[in-house]
Amino acid sequence: MKKILIVDDEEKIREVIREYAEFSGYAAEEAADGMSAIGMVKLNDYDLIIMDIMMPKLDGFSAVKEIQKIKNIPVIMLSARGEEYDKLFGFELGIDDYVVKPFSPKELMARVNAVLNRRDASERNVSTIQKFEGLEINMAARTISVDGKRVELTPKEYDLLFYMIQHKNIALSREKLLEDIWGYDFFGDDRTIDTHVKNLRNCLGPYRKFIVTLRGVGYKFEYEEQ
């Protein structure tokens, strides 16, 4: 059974989300603030985190940054603010979805299902370990090493790299990447893809060469077997 961590300073919201999550077949735990969430992530494994932004002690964005240093867990952000800046900042941080309050619990669970299904499908459709010269990707463990040194990526950077490897040597438009990795309901534009690709290249060091820019189209993971 997949486990979800619900992080919100409003108890009633946590209770409603937990009720719907458990009805949908998930195990659920709660945290009332960002600091508590970080502590729980250190002690437990979660398949997905639903994280509010405006909370005491530590806001959701800051909590996500700290959690990413510990574990690779997909995140859906909740916020009463629907400004474009907040959404873009969240997606560039590496979150998987952004839901504005007030929201439908049924829609939230649909988004949870979509995020987890995309993650599962991505990992099923590729071999466990992929090697490209000194770049090694363990799909099952979701780990990356460059010349033997472990490299940390955000969840969305992992998803982007895995997807491009899965579609190796195929031209991928920005629209296709947004649709298949972020989902149909993603709020954003081409800048989100470009930002993630830039960050991903920086992490890959000399093997950034495998991610080729296709002017006017998008990107391609280009590698020819020796």
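These legends walk through a few views of one predicted protein model.

Local features are described here at pLDDT of at least 70 and side-chain atom pairs at pLDDT 80 or more, while totals for chains, interfaces and linings use all residues. Residues are numbered from 1 along each chain as its sequence is written, and side-chain values use heavy atoms, with hydrogens and water left out.

**View 1. The whole chain at a glance.** Buried residues make up 49% of the chain, where buried means under 20% relative accessible area with a 1.4 Å probe, counting protein chains only.

**View 2. Lys 71 and its neighbours.** Find Lys 71 in the loop between helix H3 (60–68) and strand S4 (75–79). Leaving aside residues up to four places away in sequence, Lys 71 touches Val 41, Lys 42, Asn 44 and Asp 45; a contact means heavy atoms within 4.5 Å. Its side chain reaches the backbone oxygen of Val 41 at 2.7 Å. A polar contact of 2.8 Å also joins the side chains of Lys 71 and Asp 45; such a contact is a pair of N or O atoms within 3.5 Å, one able to donate a hydrogen and the other to accept it, and residues adjacent in sequence count only if both atoms are side-chain atoms.

**View 3. The largest nonpolar core.** This core has 54 residues, and Met 51, Leu 135, Ile 144 and Phe 221 have the most contacts inside it. Helix H6 (residues 155–166) gives the most to this core, with seven residues. A nonpolar core is a set of buried Ala, Val, Leu, Ile, Met, Phe, Trp, Tyr and Cys residues joined through side-chain atoms within 4.5 Å. Phe 221 touches several residues, including Phe 132, Leu 135 and Leu 161.

**View 4. Strand S12 and its partners.** Strand S11 (residues 211–214) pairs with S12 in the antiparallel sense over four bridges; strands pair if DSSP finds at least two bridges between them. Here Thr 213 stands opposite Tyr 219. In the hairpin of S11 and S12, Gly 216 takes a positive phi near 80°. Strand S10 (residues 172–173) also pairs with S12 (residues 218–221), antiparallel over two bridges.

Note on methods:
Buried means under 20% relative accessible area, exposed over 50%, partly exposed in between (1.4 Å probe, protein chains only).
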